[in-house]
Amino acid sequence: MDSETVSNILPDERIVKPKWLRVKLPTGKKYTELRGLVDKYSLNTICTSGSCPNMGECWGEGTATFMILGNICTRSCGFCGVKTGRPDSVDWDEPEKVARSIKLMHIKHAVLTSVDRDDLKDMGSIMWAETVKAVRRMNPETTLETLIPDFQGVEQHLDRIIAVAPEVVSHNIETVRRLTREVRIQAQYDRSLGVLKYLKQQGQRRTKSGIMLGLGETREEVIQTLHDLKAHDVDVVTIGQYLQPSKKHLPVKHFVNPDQFKEYEEIGLDLGFRHVESSALVRSSYKAQKHIH
């Protein structure tokens, strides 16, 4: 899974959450209306299940994130709050359910994500493609971002995503090279870079990746990661603060201050990224509707 699911539980009561991480409860007519629909129809949005701090803002702008292929992941990343284990069987009605949810919520820009399904021969890529097709059929005006797993770098599976042509394909690098083995146990830094490069080489118009900070990385390592992403033709980067989902997960090593986030944004823009979203509360889909242009 990806950093979209990170929640707000602190690892250690001695670590004080800084004031810039305090979030106002979401309000507003649009938020209240959508929250009512989500509850009434039991719609599965990462916005609610991941306790995203930007939920009110995104919903107000007509953006929401939906997770497919169940809620049990075959991987055990140290940062992610999604359960690890043996996933349920694939629900082939899910594409229509997601498409219907998007229609009910009047979503203008939808982000699709999923758990890793290394247990499946196609690693879930067929369900990914079918979901995009269903959303397109039922919501022809809705734009799409697919926040995909690495599919173990298998080009055949990536080709299925490319073939249905989402406006944006995103795959998160999550952390710096040195910390990848600890943070993303079954993932590989270079494999993720290869996935992003392959997408662009095969004609994907817009690619995107995300980084979490606060896991013990250095400034130099963050800058190197930005250079690596740019060298692999990534268009959009999101940079946010890691928050520990539970005491069983990796601890927050440090909180990055707003000035440092601003510096990373400026460095990214100087490198030539089309968009850089960089602040403590940024998550993968934050202001996602901006990234299609």
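Helix H4 (residues 94-104) crosses helix H5 in a right-handed sense in this predicted model; a crossing is termed right-handed if the near helix is turned clockwise from the far one by less than a right angle, and left-handed if anticlockwise. Helices (H or I, at least four residues) and strands (E, at least two) are DSSP runs numbered from the N terminus. The two helices pack at an angle of about 40 degrees, and their axes lie 8 Å apart. Axes are lines fitted to C-alpha atoms, for helices over the stretch in contact, with angles running from 0 to 180 degrees between N-to-C directions. H4 and H5 are therefore oblique to each other, given that angles under 35 degrees count as roughly parallel, over 145 as roughly antiparallel, 65 to 115 as roughly perpendicular and the rest as oblique. On the H4 side, the contact (heavy atoms within 4.5 Å) involves Glu 94, Pro 95, Glu 96, Val 98, Ala 99, Arg 100, Ile 102 and Lys 103. These residues meet Met 127, Glu 130, Thr 131, Ala 134, Val 135, Arg 137 and Met 138 of H5.

Residues are numbered from 1 along each chain as its sequence is written, and side-chain values use heavy atoms, with hydrogens and water left out. Local features need pLDDT of at least 70 and side-chain atom pairs count only at pLDDT 80 or more, whereas totals for chains, interfaces and linings use all residues.

Glu 155, Leu 158, Asp 159 and Ile 162 of H6 make the contact with Val 195, Tyr 198 and Leu 199 of H8.

An α-helix has 3.6 residues a turn, so residues three or four places apart point the same way.

Gln 152, in the loop between E5 and H6, has a phi of about 55 degrees and is partly exposed, with a relative accessible area of 35%. Ala 165 follows H6 and lies in the loop between H6 and E6. Its phi is near 50 degrees, and Ala 165 is partly exposed at 43% relative accessible area.

Gln 152 is also among the residues touched by Arg 75. Arg 75 lies in the loop between strand E2 (72-73) and strand E3 (83-84) and is buried, with a relative accessible area of 6%. Not counting residues up to four places away in sequence, Arg 75 touches Thr 84, Asp 116, Asp 118, Asp 150, Gln 152, Gln 186, Ala 187 and Arg 191. Arg 75 and Arg 184 are 109 residues apart in sequence, yet their C-alpha atoms are 8.5 Å apart in space.

The disulfide count is 0, a disulfide being a pair of cysteine sulfur atoms within 2.5 Å. The sulfur of Cys 73 lies 6.4 Å from the closest cysteine sulfur, that of Cys 77, which is too far for a bond. Both cysteines count as buried, Cys 73 at 2% relative accessibility and Cys 77 at 12%.

The chain contains 10 helices and 9 strands, and 57% of its 293 residues are buried. Of the contacts with a separation of 6 or more, 77% join residues 24 or more positions apart. The largest nonpolar core has 72 residues; such a core is a set of buried Ala, Val, Leu, Ile, Met, Phe, Trp, Tyr and Cys residues joined through side-chain atoms within 4.5 Å. Ile 148, Leu 229 and Ile 239 touch the most other members of this core. Leaving out residues up to four places away in sequence, Leu 229 touches Ile 173, Leu 193, Leu 196, Ser 209, Ile 211, Val 234, Val 237 and Phe 273.

Note on methods:
Buried < 20%, exposed > 50% of the residue type's maximum accessible area, 1.4 Å probe, protein only.
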